[in-house]
2 protein chains.
Amino acid sequence: MSILTVGTVAFDTIETPYGKVDYVVGGASLYASWAATFFAKDVYMISIIGDDFPDEELSKLESRGAKTMGIERVAGGKSFFWSGKYLEDMISRETLVTDLNVLADFNPVIPEEAKNAEYVLLGNLTPAVQSAVLDQLTGSQKLVVLDTMNFWIDIAREELDSVIARVDLLTINDEEARMLSGERSLMKSAKIIMEMGPKYLIIKKGEHGAMLFHQDEIFYVPAMPIPDVIDPTGAGDTFAGGMLGYIAAQDNVDFDTLKSAIVYGSATASYCVEDFSNEKLKVISKEDILGRVRKFKSLVDFSL
Amino acid sequence: MSILTVGTVAFDTIETPYGKVDYVVGGASLYASWAATFFAKDVYMISIIGDDFPDEELSKLESRGAKTMGIERVAGGKSFFWSGKYLEDMISRETLVTDLNVLADFNPVIPEEAKNAEYVLLGNLTPAVQSAVLDQLTGSQKLVVLDTMNFWIDIAREELDSVIARVDLLTINDEEARMLSGERSLMKSAKIIMEMGPKYLIIKKGEHGAMLFHQDEIFYVPAMPIPDVIDPTGAGDTFAGGMLGYIAAQDNVDFDTLKSAIVYGSATASYCVEDFSNEKLKVISKEDILGRVRKFKSLVDFSL
C-alpha cells in the first residue's frame, strides 16, 4: 500500500512559553510523512522547497521509507517560512511572519508511480492546489483525506467546497466546523458537512481531543494528558499522518479501523508536542506509540 | 447509605440563544439532590429558602427520596436569586443579577440523623459555610466532595485552602485548577492540588468533558455529544449529584468505582442541559441514564 502526502516542507521559527527555536524544519508534508512512516512504507511526498532546505533532512525521511522525488527543489529559491508565537495558554497563537517564497508558484506534479497511491493526504494548501493534485490521480484511491483551515473558508469558499465534495474524509477544528456549516451544534455541523461530500469527518479540538463522525456514529478520542506541551506546531499534521499510516498498514477504511487509526494518530501527535519541531518524533519508535495507544485505552476504560 | 448535599435551593432567570425562562427553580442542592435520587434514597438536603419557594417542588424531591427537613425556611424572606445570560458559544456567561437574600445569613444546621451521612457533597458556597458543615458531621464519612469556584479562590483563599484540606474529592474547572495551583499544565496542577489534601480531583472541562485524577492515575470522560445544549445551568451540580448517588449505591470509593461514577454523573448532566431548569430531569428514568452510559462506552471504545 502506498501513501501520498501533499503539503509544505518548510522552515519555522517558533516561540512558546518554553523557549524559542529558529529556522527549524517543519511543514505539513514533513510532519505527516514522518508520522506515517512509523506504520507504512512508500510514503510519497509532494512539495516544493528552495535550495536552502537541508538534504540530510530529506535523507532521513528517505531512510524511513518516504519517497522525496515528488519534492520540487527550486534553484535559487527559498523554502516556505512561518514564524509564530504561542501565548501562555498554548492554544492561541500569533503569526509573526508568513513568507510564501517558492510556495507562491507551487504547481504540484505527481510522479507517475504515485498516481495510484491508495491513501492520500491533502495537507492545508490553497484549495486550487489541492484540486490540481486530485486531477492528476488515477481515481482508484481508497481514502482521500483533506485538511484545511479558516483562512480558505473565508477567502476561497467556492474552490474549497468543490474540493471538499471530492474527498472521503475532512479534518478541521471545531471553530472551522461551525464556520463551514453555519451551525453552532457540532453534531448538526457534522451532518451538514458530511452532506457536502465526505463520508467521514474529523473535528479536532486541540488539547481536548478529536471526534470522528460517520453517518449517525460518533467516536471520541481525548488528547493524551502529558505534563508539558512544549510546542504544538505540527500536531495536526502528525495526527493526520499517523492516522493515515495506520489505515494504510491495515488497508481497511471501515469505521472500526478509522476509530483505532485516530487513536494511533493522537498517540503519535502526543509525542510531537513534547519537543520543538520533529525532535521527539526522531527519538521514538513504533513501540512507544503502541504503548501510548494502550494508555489511551486505560484513560477511557470503565465498568458499566 | 445516606447522602448529604449542602447548597442553594433557589430561583434562576436564564437566557440562552434558545430562549428565556423567568424564576425557574434551581440551585446546587436542588440539582445535585435531584440527580442523586436517581440512584440512592436518603438524600438529606441542607439549604435555606424564603417563603416564596414553592412547597410542591420540595414535595417532588421528597417523593424521590430526598429529605428536606434540613432546608430552613425563613418567614418573610426571599430565596436566593441568580440571573444570567449565556452567549452564543454557550460557554461564556454573563451574570446579570445575584440577590443573596436569605443566603446572606445561612448558618447551616445539620439534622441529628444526617450527621453520619456516609457521602457528603459541599456545593459551591462560601468556604466558611462549607467548613461549618464539616464541623457538625461525625467525621465517619466515607467520601466528602467539595465544589467551589474562582470567586472564592480570589477573595477567600485561606478559608478555601483550609476546607480543601479536609475533603476527599475536589471538583473544579480547568481554569480554576490553574488558578489554584499557579501551574499551566493540568497534570502538574492536579499533583499540586492533591497535595493540598484531596485524594481525588475532578477537573471539569464543560463541553469537553471531565478528568478524574488519583495518585498517578487519570481517567477521562468526554461530554456526551447531544444535538442542542439548551441551558447549561446546573450541569455541574447534576454531574456531582449523579456521581455521588452512584457511589452511594455501590457503597465503594475505590478508583474504579469513581471512574464509573463520573460517567454516570456525566450521563445525568447530559440530560440536564437538554432543557431549562430541571425540566428534563423530571421526565427521564434511571434506565434512560443507563442507556446513555452505554453510549459513553461505545463513544470511546476502540480496538488496539
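Start with helix α1 (residues 28-36) of chain A and helix α8 (residues 235-250) of chain A, whose axes come within 7 Å and cross at roughly 40°. This is a predicted model: local features need pLDDT of at least 70, side-chain atom pairs count only at pLDDT 80 or more, and totals for chains, interfaces and linings use all residues. Residues are numbered from 1 along each chain as its sequence is written, while chains are lettered from A and ligands numbered from 1 in the order in which they are written. Helices (H or I, at least four residues) and strands (E, at least two) are DSSP runs, numbered from the N terminus. Axes are lines fitted to C-alpha atoms, for helices over the stretch in contact, and angles run from 0 to 180 degrees between N-to-C directions.

From α1(A), the residues in the contact include A:Tyr31 and A:Trp34. From α8(A), they include A:Asp237, A:Thr238 and A:Leu244. Contact here requires C-beta atoms, placed from the backbone, within 7 Å. By class, this contact has 8 nonpolar, 5 polar and 1 charged residues. Ala, Val, Leu, Ile, Met, Phe, Trp, Tyr, Cys and Pro count as nonpolar, Asp, Glu, Lys and Arg as charged, and the others, Gly among them, as polar.

Now move to chain B. Helix α8 (residues 235-250) and helix α9 (residues 255-272) of chain B have axes that come within 7 Å and cross at roughly 140°. That angle makes α8(B) oblique to α9(B). The classes are roughly parallel under 35 degrees, roughly antiparallel over 145, roughly perpendicular from 65 to 115, and oblique for the rest. The crossing of α8(B) and α9(B) is right-handed. B:Phe239, B:Met243 and B:Tyr246 are among the α8(B) residues in this contact; B:Leu258, B:Ile262 and B:Cys272 are among those of α9(B). The contact of α8(B) with α9(B) holds 12 nonpolar and 8 polar residues, and no charged ones.

α9(B) also packs on helix α11 (residues 286-300) of chain B, at an angle of about 115° with the axes 9 Å apart. The two are therefore roughly perpendicular. Here too, α9(B) passes α11(B) in a right-handed crossing. B:Val263 and B:Tyr271 are among the α9(B) residues involved. On α11(B), they include B:Asp288, B:Arg292 and B:Phe296. This contact divides into 7 nonpolar, 3 polar and 2 charged residues.

Next, the two chains together. Between them, 28 residues of chain A are in contact with 28 residues of chain B. On chain A, α7 (186-195), β14 (217-221), α9 (255-272) and α11 (286-300) each supply at least two residues of that side. α11(A) gives the most, with 5 residues. The side of chain A that touches chain B has 15 nonpolar, 4 polar and 9 charged residues.

Last, confidence. Chain A averages a pLDDT of 96, and 100% of the residues score at least 70; pLDDT is the predictor's confidence in each residue, from 0 to 100. The model scores ipTM 0.90 and pTM 0.93.

Note on methods
A crossing is left-handed if the near helix is turned anticlockwise from the far one by less than a right angle, and right-handed if clockwise. Two residues are in contact if their C-beta atoms, placed from the backbone, lie within 7 Å.
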